[in-house]
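I set out to record what I looked up in this structure, entry by entry. The notes follow the order in which I consulted it.

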Amino acid sequence: MEGGYTGRYLAVDLAEQTWAVEETPEDLCNEFLGGRGFGVAMLRGHITKDPFSPDMPLIIATGPLVGTPSPTSGRFSVISRSPLTGTVFDCSVGGRFGTRLKKVGFDFVVFTGTSPDWVRVDITREGVVFNPAHELAGLSTGEVMKHLDKDLSYGLIGPAGERFVSFASIVFDGHYLAGRGGLGAVMGAKHLKLITVRGDGAVRVYSEEKLKKARENVMRLLRATPAIFGEFGLSNFGTAALVDLIHARRMEPTMNFRQSFFPDSGKYSGYRMKTVYDTKKTGCAGCPILCKKQGSGGEVIPEFETASHFGALNENNDLSSIVEANHLCNDYGLDTISTASTIACYSEIQGRSFSPEELLSHIKLIGEREGIGDALAEGSLRYAGSQGVPELSMTVKGLELPAYDPRGAYGMALAYATSNRGACHLRAYPISYEILRKPVAVNRFSFEGKARMVKISEDMNAVIDSLTACKFVFFGASLEEYAEVLNAVTGTSHDVQSLLAIGERIWDIEREMNRMNGFTWKDDNLPERFFREAGYEDEKVVIPPIDRDAFLDALRRYYRIRGYEESTE
Amino acid sequence: MKNLLNKYLRKLSLQGLARPEDIAFLGIDDQVFIAGGLLDKKPLLREPLLEVTERMNINSLLLAIPTEPMRSIIDELLHWGRTGNGLLLPRDTETRTFLHDIPVVTGLKPDDIVEALSHRKSVIVESMGGIVTYGTISPEQAFVFMSSTCFSLFVKYFHDHLKYLKETKGRDEYAEARMRRFRMIGRMVNPPDRRGIDYSPLESEDVHKAIVAAGKLLVEKGLVDSYFGNISAFRDGIIYISETASSLEELEDAIDEVPMDGSSSVGITASSELPAHRAVYGKGRHRFILHGHPRFTVIGSMLCERDCDDPDLCYRGCPEEREICGVPIVSGEVGAGPYGIVNTVPRALESTDAVIVYGHGIFTAGEDSFRMPFMKMMEIERYAMEEYFRQVDAFHQKR
């Protein structure tokens with residue numbers, strides 16, 4: 001490669017506290033691009049191991065655009081096997097860590113082994129330094145961050161990761177999370193409390209001139225995209241801009257998905273958060289959008305999913321408690337979606353809703369694994385199963401659903417089911433076309449054509465996660481423009497179809513990995529509630545239950561399109 | 001999938017882009033569906049098209065041989081309109097923002113089609129004067145790319161012809177043939193028809209009904225291709241505006257209600273020109289806005305005598321004060337960025353009821369209903385077309 005990649009990666013053995021610099025194979029770059037693709041490729045041969053086994057790799061991987069002037073090039077991926085779902089699992093993360101890792105000279109890092117005691121790993125241009133971290137054990141992420149140099153980038157776990165909470169996250173650079181799937185617990189199992197990186201080298205670009213032109217083509221499209229740079233778009237309000245829209249579409253998960261409409265969501269809308277907290281823009285390295293929002297008092301403003309799940313899903317209209325819940329999850333190192341959803345499930349089982357104070361107290365109990373928190377720390381599926389009511393867990397493959405009710409968007413329903421990491425809105429992101437009307441609008445209440453839409457979108461998002469670009473950019477731009485960005489950076493000659501072929505390869509390998517771990521078509525399903533109960537109904541809008549036969553028909557089509565020999569009998 | 005294919009087959013026909021018998025529209029789900037009659041007429045095209053669908057990760061593939069005058073326009077552009085590397089490079093906003101350029105292949109060879117469509121949204125097949133486009137999410141994308149390509153080629157042809165006449169005075173060796181073909185093509189182009197228009201729906205007290213009616217009329221009169229343009233009205237602190245990526249003749253369920261005070265972000269799905277509309281309403285003079293892409297208005301906006309250092313930047317920063325029919329022409333790109341039309345259009349509408357955006361389209365605004373903005377747009381387009389042909393005729397006669 002003539003640019004984009006450093007050509008080196010780090011293999012770190014935490015048990016022996018040794019490290020080696022290896023050459024990034026060119027085939028790996030050609031066949032898997034980077035990020036999620038690198039992780040999936042490197043996990044082959046390990047995927048049937050227990051997520052907490054010392055031999056289970058934990059991989060942090062950048063993409064070829066990271067560290068270059070490409071738009072939204074500041075992301076990276078964290079990949080391993082999830083202790084929550086048992087599936088292969090990757091998280092796309094923002095912040096500066098990926099850029100620093102690239103600039104210190106590495107495309108990716110593979111951690112294996114378990115350190116005898118809590119350890120801090122510092123990555124420098126010269127290699128790796130292991131430092132004891134027993135004094136950091138038990139500290140919240142906020143407390144640890146107070147002791148770190150401001151010019152460092154870092155990833156760390158909080159008490160939840162140390163205590164193997166099944167949905168523990170890894171917190172990077174203050175408030176960028178490898179949130180879902182419990183990869184923080186995988187890190188905890190390795191006794192790895194903190195990773196730092198300090199890099200300021202340059203990443204080579206094949207053609208600065210071509211990159212400038214390709215970048216301008218992307219930027220022009222972004223400026224023309226209301227969901228991004230429009231006055232109500234992500235750049236202005238953050239992802240919380242979606243609160244009002246999802247409310248208007250009557251598809252906001254409410255009371256553990258018993259309803260899809262919460263009258264009070266305006267109390268935590270993007271506008272409300274912006275005015276109450278006087279927010280300013282912040283975001284990932286190299287990003288023109290800056291969708292992260294921070295209050296004037298330093299408050300980290302919750303993302304849409306967090307706000308909606310600590311709001312409507314738990315019948316809570318108290319904004320300050322939602323912001324505090326987000327803060328607590330970050331401090332303990334917890335995935336906000338799974339935390340909120342597990343508490344909502346517990347609430348339904350208990351037969352009562354919780355006050356804001358109780359909500360916050362349950363987060364602490366989960367983070368500490370104390371009292372009921374110990375059982376809830378296993379996730380809603382295991383908890384509800386232990387209570388004899390697994391149907392009250394709103395999960396697919398054990399992963400809690402995010403804040404788009406599938407009854408309000410049938411492509412989303414299918415994509416939740418087929419997702420290789422469980423109920424994830426970002427594997428195919430049909431919300432883009434079913435709700436945000438990008439690149440075109442489609443009928444959200446129909447399965448017509450959705451099987452192929454979802455398949456292509458899954459492939460495309462596997463590419464995006466491997467580049468490692470931001471999905472929001474693709475509300476405006478397409479792989480057509482990004483192929484030119486990639487070629488300008490690396491000197492390759494990719495086009496839309498060659499990239500989609502890579503995406504398909506990654507997807508199929510993930511599927512095969514899940515199959516090796518016992519997943520079948522029966523796991524490509526939605527909770528029963530969505531087939532039986534309506535979400536909402538008034539004189540203008542009806543959110544009916546999903547027609548199971550139509551869903552299964554779409555699923556069969558999806559298998560045929562993918563070439564999977566699955567029977568749904 | 002069949003329903004979707006048939007819907008866009010009808011739209012291609014209704015909007016005069018191609019006749020059903022000249023269209024092959026392939027929809028790919030777990031099997032391939034075909035709409036249109038082209039493959040019945042030319043069965044040999046079936047195999048190459050099916051091969052393309054097998055080799056591309058797409059959900060629809062559209063081959064259409066456009067109706068006249070597009071068919072002749074494509075012929076002409078293939079003769080003299082290509083860049084050094086064989087592409088067609090229109091300079092209108094549609095191309096600049098979305099299409100980038102339009103590649104050409106000699107015949108319907110799968111290798112060439114796949115190669116071209118792996119880089120661009122549409123490709124011209126020289127041997128049949130056809131256009132191939134595709135969709136990855138919906139057949140609607142293939143329809144939109146087809147419509148967009150035809151619009152851009154139309155603008156390029158007429159713009160480049162007059163520019164050519166101005167540069168050569170119609171005296172080079174190709175002039176005779178080019179002028180002859182131009183006269184033939186020109187005869188096939190008509191101004192928007194003013195006859196038989198029922199304006200009353202545009203004046204409906206029901207804002208939704210008025211917007212829906214305005215959208216249908218704009219499309220019917222050819223003042224905008226269905227997918228482009230936008231419409232809004234302002235009443236009681238609410239902006240009623242067409243949603244982004246909506247078809248203007250199908251706005252029944254595609255109108256956002258956006259509070260003027262910004263207190264709800266539900267307008268995230270509104271037209272990308274919402275900031276411009278909102279700024280216009282903020283000035284207090286207008287309550288109804290139409291935005292269309294009438295072709296000769298767009299062509300006229302790009303015809304400039306000034307010899308600029310970088311004509312590629314005219315679209316976003318032209319310093320000239322120009323006008324068509326007394327209507328000012330401003331620069332600006334789509335959206336709300338630093339070069340966005342939000343910075344130019346509202347300012348211009350402070351003192352007038354219409355403003356043309358370079359290479360892009362026109363905004364017309366009114367106080368009481370959509371009637372005057374609509375009539376104004378019709379009038380400007382008619383004038384722009386007449387003025388265009390007057391200038392061309394002057395060269396033809398001189399020669």
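Predicted model: local features only at pLDDT ≥ 70, side-chain atom pairs only at ≥ 80, totals over all residues.

I next turned to the make-up of chain B, and found 14 helices and 14 strands. I noted that buried residues account for 55% of its 399 residues.

I then checked the dimensions of chain B. Its C-alpha atoms fill a box of roughly 60 × 60 × 40 Å along the principal axes. The radius of gyration of chain B is 21 Å, which agrees with the value near 21 Å for a compact globule of 399 residues.

I went on to the contact between the two chains, to which chain A gives 45 residues and chain B gives 43 residues.

My last entry concerns helix α3 (residues 97-104) of chain A. Is this helix enclosed or open? I found 8 of its 8 residues buried, so α3 of chain A is largely enclosed by the rest of the structure. The buried residues include Phe97(A), Arg100(A), Lys102(A) and Lys103(A). Among the elements that cover the buried residues of α3(A), I noted strands β3 (58-62), β4 (76-81) and β7 (119-124) of chain A. Just after α3(A), I found Gly105(A) with a positive phi of about 115 degrees.

Notes
Residues numbered from 1 in each chain as written. Chains lettered and ligands numbered in written order. Contact = placed C-beta atoms within 7 Å. Helix = DSSP H or I, 4+ residues; strand = E, 2+ residues; numbered from the N terminus. Rg over C-alpha atoms; globule rule 2.2 N^0.38 Å. Buried ≥ 20, exposed ≤ 12 C-beta atoms within 10 Å, placed from the backbone.
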